[in-house]
Amino acid sequence: MARTPRILHLLLALCSLSSSSIAVASASGAADAFLGCLAAAGVPPRFLQTPASPSYDALLRSSVRNLRYVAPGTPRPLAIVAAAEPAHAQAAVRCGRRHGVRVRARSGGHDYEGLSYASLDPCERFAVLDLAAFRDVRVDVARAEAWAGSGATLGEVYYAVGAASRALAFPAGVCPTVGVGGHLSGGGFGTLMRRYGLAADNVLDAVLVDAEGRLLNRTTMGEDLFWAIRGGGGESFGVVLSWKLRLVPVPETVAVFTVRRSRNQSASELITNWQEIAPALPRDLILRVVVQSQHAQFEALFLGRCSGLLVHMRAHFPDLGVTRADCEEISWIQSTVYFAFYSSSKPLELLLDRIGETGRYVKAKSDYVQEPIPQHAWESTWSWMEKPEAGLLILDPYGGRMASISPSATPFPHRKGNLYNLQYYSFWFENGTAASEKRMSWVRVLYREMEPYVSKNPRTGYVNYRDLDLGMNELEGNVTSYAKARIWGEKYFRGNFERLAAVKAMVDPDDFFRNEQSIPPLPAAKGWSSI
Ligand code: FDA
């Protein structure tokens with residue numbers, strides 16, 4: 001992504017000749033017109049930042065999770081609209097369309113490829129619509145429902161739910177600083193998925209600004225668009241401002257353990273056996289694995305007591321050797337702290353820390369594993385894991401509720417036939433291209449080595465583990481090419497990709513909401529029977 005300023009200059013010069021952008025005004029002219037339009041629409045200047053504003057940089061970086069996308073030379077947004085109310089978001093969309101400025105919605109800023117605040121196209125005139133202020137979480141215990149703003153973090157949602165009731169939870173990801181907006185848009189899985197499915201499976205309603213700038217709810221947007229926003233990936237269909245969530249029942253006390261087995265404690269054999277055991281465990285139990293350095297860490301959550309958890313472990317996975325001393329009984333809300341910070345005694349208020357650990361460069365990729373990977377392949381991964389530039393592997397088992405939902409119920413298709421999701425994750429703190437190249441190459445080469453063992457035709461991945469190596473959009477005329485987008489799109493969405501494109505053609509035929517991996521409008525000639 002980082003380009004030398006000289007190349008960037010050349011590219012920017014070429015931009016003025018390009019016909020791909022949505023308006024022909026100069027960048028500064030577009031920015032002025034956009035800002036003037038926002039002011040006329042009643043958005044107060046304090047919610048608008050341009051590169052000339054003293055706090056622009058701090059605001060831009062406020063939720064950036066991957067420094068690769070704020071490196072010098074990276075095209076930056078010509079404005080940041082820090083929306084405080086729905087009318088500001090509506091104005092951003094309307095003014096953006098009118099004046100040739102695209103809008104990139106940002107909720108938690110965790111996109112692995114920085115798509116919520118950076119563009120790979122130096123010609124693109126875009127503004128960031130920052131939703132951090134939309135972070136109210138209102139819990140209705142009696143109805144077991146909640147409304148959460150897109151800008152809330154998962155930690156804020158968990159904290160609010162836990163504060164309202166010890167017997168309710170929301171099934172979503174492990175990292176508390178992830179934003180609700182992007183997470184729910186792409187599916188969202190965590191420690192409750194084997195019992196309750198994805199975060200997106202538990203969305204009951206949503207408030208969205210569409211490509212016309214209208215404010216819609218489930219009834220007014222219709223079921224096709226409501227289907228698309230629950231897993232079809234962020235940005236393509238509109239800007240979701242808030243989500244109505246179904247809360248799920250959990251026991252007041254749950255059981256957790258973390259046990260670590262090193263390479264010379266049969267870790268390869270344990271991982272090999274885990275691959276078939278974990279997806280077949282009772283759905284109240286999840287046992288995930290993190291492989292790092294020369295060990296495998298097995299992490300479990302059971303919706304019950306330690307006594308029950310140990311019965312299951314002895315029956316299904318005695319070789320792991322879990323004992324009563326490994327197991328802790330805590331509340332579900334404490335378990336969210338436990339999995340995020342590896343300690344149940346840390347304060348729950350850590351969930352409210354929106355910033356967490358920043359200052360990292362990141363590269364990740366993902367796979368779905370459908371047949372157990374043979375033990376010899378796991379043996380050979382240790383040599384990868386001992387390299388100084390090594391990252392980690394995260395294995396999240398599916399099965400249970402995940403496998404009993406139809407693959408077309410939401411855009412997230414990875415329901416049946418997958419044993420687990422395998423994530424290759426690398427992060428580093430050193431600046432400079434040498435460090436980046438080394439770390440990214442580790443991820444890419446290991447991914448290539450694993451090809452024989454993972455899903456095929458297509459080799460699938462999870463949209464929330466965004467990976468631009470899978471392919472990027474190209475334009476055909478002034479809209480995204482459907483044919484080119486299929487290359488990456490069917491890897492994330494399999495057979496649901498065409499339906500997503502049909503919804504896109506219906507709700508945003510001009511392709512206003514566009515990024516490097518947004519859903520293209522289905523060409524009219526292809527049609528779609530069920531819409
Ligand atoms: P961000 O704001 O960057 O948005 C992501 C994408 O969605 C962008 O394209 C953006 O434009 C779009 N978007 C954002 N808000 C929108 C809105 N309101 N309306 C429409 N489009 C919107 N996943 C998982 O399933 N389980 C897990 O346990 C984890 N853990 C995890 C840990 C860490 C450290 C990271 C960095 C990431 C994860 N993830 C994850 C992946 C995470 O779910 C994914 O990156 C989400 O898209 C992040 O959502 P944010 O709102 O934070 O991202």
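Predicted model: local features only at pLDDT ≥ 70, side-chain atom pairs only at ≥ 80, totals over all residues.
User: How many aromatic pairs does a search of the whole structure find, and what kind of pair do Tyr 158 and Trp 332 form?
Analyst: The search of the whole structure finds 22 aromatic pairs. Tyr 158 and Trp 332 form one of them, with 5.4 Å from centre to centre and 80° between the planes. Planes over 60 degrees apart count as edge-to-face, so the pair of Tyr 158 and Trp 332 is edge-to-face.

User: Which helices hold Tyr 158 and Trp 332, and how many residues apart are they?
Analyst: Tyr 158 is buried, and Trp 332 is buried as well. Tyr 158 lies in helix H5, which covers residues 154-164, while Trp 332 lies in helix H12, which covers residues 332-341. The pair therefore links distant parts of the chain, H5 and H12, and its two members are 174 residues apart.

User: Why does the pair of Phe 189 and Tyr 465 tie together parts of the chain, and how many residues apart are these in sequence?
Analyst: The ring centres of Phe 189 and Tyr 465 are 5.9 Å apart and their planes stand at 75°, so this pair is edge-to-face. Phe 189 is in the loop between helix H6 (180-186) and helix H7 (193-196), whereas Tyr 465 is in the loop between helix H15 (433-449) and strand S19 (475-476).

User: Are Phe 189 and Tyr 465 buried or exposed?
Analyst: Buried means under 20% relative accessible area. Phe 189 has a relative accessible area of 5%, and Tyr 465 has a relative accessibility of 13%. Both residues also belong to one aromatic cluster, whose members include Tyr 112, Tyr 368 and Phe 412. By the cut-off, Phe 189 and Tyr 465 both count as buried.

User: Which ring does Arg 459 lie over, and at what distance from the ring centre?
Analyst: In one place, the charged end of Arg 104 sits over the ring of Phe 126, 5.4 Å from its centre. In another, Arg 459 lies over the face of Tyr 447, and the distance to the ring centre is 3.5 Å.

User: Why do the buried residues of H13 line one face of the helix?
Analyst: In helix H13 (residues 375-385), the buried residues are Ala 377, Trp 378, Thr 381, Trp 382, Trp 384 and Met 385. An α-helix has 3.6 residues a turn, so residues three or four places apart point the same way. Among the elements that cover the buried residues of H13 are helix H10 (267-277), strand S13 (285-292) and H15. Seen down the axis of H13, the buried residues line one face because they fall within an arc of 165°.

User: How many of the residues of H5 are buried?
Analyst: The buried residues of H5 include Leu 154, Gly 155, Glu 156 and Val 157. What covers them includes strand S5 (137-140), strand S6 (145-149), H6 and H12. H5 is largely enclosed by the rest of the structure, because the number of its 11 residues that are buried is eight.

User: How many residues of domain 1 and of domain 3 take part in their contact?
Analyst: The domain assignment gives domain 1 as 31-130 and domain 3 as 253-331 + 359-450. The C-alpha centres of these two domains lie 36 Å apart. Their contact takes six residues from domain 1 and, from domain 3, 10 residues.

Terms used:
Residues numbered from 1 in each chain as written. Heavy atoms only, no water. Phe/Tyr/Trp six-rings, centres within 6.5 Å; stacked < 30°, edge-to-face > 60°. Helix = DSSP H or I, 4+ residues; strand = E, 2+ residues; numbered from the N terminus. Buried < 20%, exposed > 50% of the residue type's maximum accessible area, 1.4 Å probe, protein only. Lys NZ or Arg CZ within 6 Å of the ring centre and 35° of its normal. Arc of directions from axis to C-beta. Contact = heavy atoms within 4.5 Å. Domains from an automatic or database assignment.
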